[in-house]
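Please look at the sequence and the model together.

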Amino acid sequence: MINLSGELTENTEIITHDNRGYNYGDALFETMKVVHGKILFWEDHYFRLMASMRIMRMDIPMNFTMEFLEAEILKTVEANTLIKSTARVRLNINRGVGGKYLPKDEKISYYIVVEPLQNDFYLASTVQTYTVDLYKDHFVAPGLLSTLKTNNRVLNVLASIYAKENNFDNCLLLNTNKHVIEALQGNVFMVSGETIKTPPLNDGCIKGIMRKQISDVILNSGDYILEEASISPFELQKADELFISNVIIGIQPVLKYRKKEYSTKVSEDILRRLNTKLRLS
């Protein structure tokens, strides 16, 4: 059961040939985790979406309040009998149908898709191997558009194929300045001693919701120093730890990059603090 602009339907083949999100990537999306009827970090998701719609010059409907979209999401979760468990939700916003590059009109459409997830809180990874490599066939041009979650993810698709063909669990993306900016499905944090470094938004990384949560945890920890600065591939070989973050997995430690093997002590500590923050909120 999906939510198509407010109407619940079991028809999952509803995108028409002239949908602008399909034809031109003229669409935005938010991926969220809903636990027992609560959308984690909903306020952050909502304000990121509104800011992204403004950057995309979308005409935000008057009814797109925080309360309205929250109700639509939870209505869809409940329709899929997941309101008392945990769900992954994708909210897709597009500029409807019609027009070529120039939209025919400014009418906004949306759809909401949900699927079940197993764990309420974020669990420490139990995988024995998690290997990444650099993806160097194509590069991200840093700028305001590169920080948005648009439907134009062709670079991520190609890098995912590269990772599968070469038996990597993930790839690290580079910008046109050859700096590491993010992984395929999340932001990157690099640990060196007590300093935890993450690329700045102006390097081209996605403005991640979990990136913000983890940054807050680090800043309030009293034990670690957060540094927003460019990361060169050379630094990866000298780091103590490397981990990836997004709102679905929380934190995924990287265990190996080429010949370098990483520990997981700090990432596990940050994860514990994150879960404590969630329980108290």
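Predicted model: local features only at pLDDT ≥ 70, side-chain atom pairs only at ≥ 80, totals over all residues.

Residues are numbered from 1 along each chain as its sequence is written, and side-chain values use heavy atoms, with hydrogens and water left out.

The largest nonpolar core has 27 residues. A nonpolar core is a set of buried Ala, Val, Leu, Ile, Met, Phe, Trp, Tyr and Cys residues joined through side-chain atoms within 4.5 Å; buried means under 20% relative accessible area, exposed over 50%, and partly exposed in between, with a 1.4 Å probe and protein chains only. W42, L49, M53, F64, I73, V89 and I93 touch the most other members. Two or more residues each come from β3 (27-35), α2 (42-55), α3 (66-79), β5 (86-94) and β6 (109-117). Such helices (H or I, at least four residues) and strands (E, at least two) are DSSP runs, numbered from the N terminus. A second, separate core of 23 residues includes V191, I196, I214 and F243.

Is N187 buried or exposed? N187 is buried, because its relative accessibility is 3%. This residue belongs to strand β10 (residues 187-192). Beyond its neighbours within four places in sequence, N187 has contacts (heavy atoms within 4.5 Å) with residues including C205, I206 and F243. C205 is 18 residues from N187 in sequence, yet their C-alpha atoms are 7.2 Å apart.

Helix α4 (residues 154-165) contains I161. I161 counts as partly exposed because its relative accessible area is 45%.
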